[in-house]
Amino acid sequence: MQVDESTPIHAMRDGEVFYFCGEGCRRRFLGESAPEPPATVTAAYYCPMCEGIESDEPGACPRCGMALVASGIGDGEPDDSELRDMSRRFWVAALFSVPLFVISMGPMIGIETHAWFPRLDVGWIEFVLATPVVLWAGFPFFERGLRSFATWNLNMFTLIAVGTGAAYTYSVIGLIAPDLFPQSVRMGDQVPLYFEAAAVIIALVLLGQVLELRAHRRTSAALRELIDLAPPIAHVIREDAERDIPLADVATGDTLNVRPGEKIPVDGRVTNGRSSLDESMISGESAPREVSAGDPVTGGTINQSGAFQMVAERVGSDTVLAQIVAMVGAAQRSRAPVQRQVDRVSAVFVPIVFLCSVAAFVGWAGWGPEPQLANAFVAAVAVLIIACPCALGLATPISIMVGVGRGAHDGVLFRDATSLERLRDVDILIVDKTGTLTEGHPTLTTLETWGAHTEHELLALAASLESVSEHPLARAVVAGAQARDIPIVPPSSFESQVGGGVHGEVDGHRVSIGSRSFLSEAGITETSGLEASANTLQTAGTTVIYCGVDGAFAGILAVSDPIKSQTPAALERLRALGLRILMLTGDDVRVARAVADRLGITEFEAGVSPADKHDRVTALRDQGLRVAMAGDGINDAPALAAADVGIAMGTGTDIAIESAGVTLVSGDLRAVSRAIELSRAVIRNIRQNLFFAFFYNGLGIPIAAGVFYSTLGISGNPMVAAAAMSASSISVITNALRLRSVRLGA
């Protein structure tokens, strides 16, 4: 297999660099075991805004100061300690801020609240009401703000801490030592106090934090739904008795009872009984699947009707469900390329806001109405509060999180956010034939011999050699022999050429099986005896396999692989989305043409080797096209890795899945269109979120700074600024949550 040296998957041994088509091959080359994904996503916490920030405990991000959110569920419900703490602080802040606001702002609307306290200085009452709000309810903001200065990671809490801290400190000094302030600050003989601004701002920011934390729980709902698919207990048969044991105690090889209406505990195979399974929660397909003895079953799916027994084959982190959960969790925490642009803006945003705040102060102090310094102070604080960049930081990751979860619900698994973003701009979809357009479960339909060997002898030799191969055509040959009760013996030697065929020794005979060109390379050039039969079979869309024994042509095997029933509708939908369809197959050109004609595919290439597929993908990319490749076999892995987006059918091989950025759990090509539509919806949602974020800041900062005061009479109010800042974050999260109900495949 030829592998492009541009691949990021490589390793070094003895000073030489080796390149691989997939991570699995690299690990096997190095003798490493594959890292096991967790059986469930542990209750780790991560920052939705900052890449790589994770913790085993809830708390605040050391970089941006945001509350860390749970990445999933461990043994129970997610830890809501941060939400409970913020809720408690908010209610205390509201309890004190409401009367403080009424007392302070009442005279401005004609309510003489100061007359309610004839013997008391209202300033001291405001101080008493504001202090618990600022010093206790707002303590996390000041803590995070100070940390941001210590690490020089200036963020939204930097602005909140500076703004509210300045308003509160200014007011305390104005209350205790008013003589320190010049006349330009005073309103009459009084120094204006801003206790209500500091308290109300903190209360509003706390409200925004509470709403954000609640919304974050909803964004991870898809992941929790996946985790909840696994039942808590399993009915295991041990020592001829049924016992209920925790799911974690199920071992490989255990025999399990599954009753009607129950969820299947782990991956395995039916040993006794019949039933129909609802697999929609994993594959996205609504039609039930009938199973009987020998059929595989997947943990987390629902047994609808009959009872059956099964043997556990994959448990814990090896189950399909566990691997899906691990992949979804990792993808939700990954970063999209568009986020890099946002990060560059965010890196300079807070310093620019401080400059705007200083400029607002200078402008009002120099040219504003009396009291100049008091108005300048209010404008500077309003700019700091309204410009908090929380919405800007959340705009991309919140949409990625919801979009990846929605994809998992529909049986589309994204490896990372990069694949999700790239899929939106794909121009051409390259599809393999076997297992992608067709069922991938071919059956042996015809056997013709040429020479001394009988049909029974030829099939015995062919099936024995193919018994150690994983290729779908090989499995069809073996199944054909088994159906005819033909004995199969292990080959004494075996050699495979990917995309060509196999050689080996069986019962003292040198056997070669593969394409006509493969046999020709082995020195078997005379195959004309059955050429007419081969042409007829291939024209009908049947794959023909040539067989040679002891250096002579021995016959042909014909294998039929029916087209999937959903493939025509899937291709129509993909064309409607504006994609070109190109079929690449290693099969004979006549077989390829028959399949292409039935599906309306106008572009196809036959007799293509794995290296040719890779080169074709690379050539199309060099033309400036954005290429997606869909396949399911080992021979597709190089092309999947070379494409802008590799799409693996979940029914395919592990190496194909490892090489791809997107996996379709059901193996249904219709899921490709759903994936593309979801990608476009997510990127559209991100752009809407960025618009909300920039709209609030682009309009809010000039208003808060008083740019429109001279023309429209509008100036900033710190409390209004706090409400607008919280509204911007909430609008971004609410907009992202709409992705959970977006209609796909319409």
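The legends below describe close-up views of a predicted model.

Residues are numbered from 1 along each chain as its sequence is written. In this predicted model local features need pLDDT of at least 70, side-chain atom pairs count only at pLDDT 80 or more, and totals for chains, interfaces and linings use all residues, while side-chain values use heavy atoms, with hydrogens and water left out.

**Figure 1. The protein chain as a whole.**
The protein chain has 25 helices and 27 strands. Helices (H or I, at least four residues) and strands (E, at least two) are DSSP runs, numbered from the N terminus. Of the 746 residues in the protein chain, 54% are buried. Buried means under 20% relative accessible area, exposed over 50%, and partly exposed in between, with a 1.4 Å probe and protein chains only. Among contacts (heavy atoms within 4.5 Å) between residues at least 6 apart in sequence, 67% join residues at least 24 apart.

**Figure 2. The largest nonpolar core and the surroundings of I647**.
This core has 52 residues, and those with the most contacts inside it are L429, L574 and I647. Its largest share, 10 residues, comes from helix α23 (residues 670-705). A nonpolar core is a set of buried Ala, Val, Leu, Ile, Met, Phe, Trp, Tyr and Cys residues joined through side-chain atoms within 4.5 Å. Leaving aside residues up to four places away in sequence, I647 touches L423, L429, A628, M629, A630, G631, L640, A660, V662, L664 and V672. Another core, of 44 residues, lies apart from the largest one and includes F142, A161, I201 and V381.

**Figure 3. F157 in helix α5**.
F157 belongs to helix α5 (residues 156-176) and is buried, with a relative accessible area of 0%. The C-alpha atoms of F157 and F142 are separated by 7.3 Å, and the two residues are 15 residues apart along the chain.

**Figure 4. Helix α18 against helix α23**.
The axes of α18 (residues 567-576) and α23 come within 8 Å and cross at roughly 25°. Axes are lines fitted to C-alpha atoms, for helices over the stretch in contact, and angles run from 0 to 180 degrees between N-to-C directions. The two helices are therefore roughly parallel to each other; angles under 35 degrees count as roughly parallel, over 145 as roughly antiparallel, 65 to 115 as roughly perpendicular and the rest as oblique. On the α18 side the contact involves A570, R573 and L574, which meet R670, V672, S673, I676 and E677 in α23. By class, there are 4 nonpolar, 1 polar and 3 charged residues in this contact. Ala, Val, Leu, Ile, Met, Phe, Trp, Tyr, Cys and Pro count as nonpolar, Asp, Glu, Lys and Arg as charged, and the others, Gly among them, as polar.

**Figure 5. Helix α17 against helix α19**.
Helix α17 (residues 531-539) packs on helix α19 (residues 589-599) at an angle of about 25°, with the axes 7 Å apart. At that angle α17 is roughly parallel to α19. Their crossing is right-handed. A crossing is left-handed if the near helix is turned anticlockwise from the far one by less than a right angle, and right-handed if clockwise. N535, Q538 and T539 of α17 make the contact with R590, V591 and A594 of α19. These residues divide into 2 nonpolar, 3 polar and 1 charged.

**Figure 6. Helix α14 against helix α15**.
The axes of α14 (residues 455-466) and α15 come within 8 Å and cross at roughly 130°, which makes α14 oblique to α15. The crossing is left-handed. L459, A462, A463 and E466 of α14 contact A474, V477, V478, G480 and A481 of α15. The contact has 7 nonpolar, 1 polar and 1 charged residues.

F414 is found in strand β15 (residues 412-414) and counts as buried at 1% relative accessibility. The C-alpha atoms of F414 and T663 are separated by 6.6 Å, although these residues are 249 residues apart along the chain. S419, in helix α13 (residues 417-423), is also buried, at 8% relative accessibility. Not counting residues up to four places away in sequence, S419 touches F414, V645, G661 and V662.

**Figure 7. D485 and D507, with positive phi**.
D485 is not a glycine, yet has a positive phi of about 60°. D485 lies in the loop between α15 (472-483) and β18 (493-497) and is exposed, with a relative accessible area of 69%. Phi of D507 is near 50°. D507 lies in the loop between β19 (501-506) and β20 (509-514) and is exposed, with a relative accessible area of 64%.
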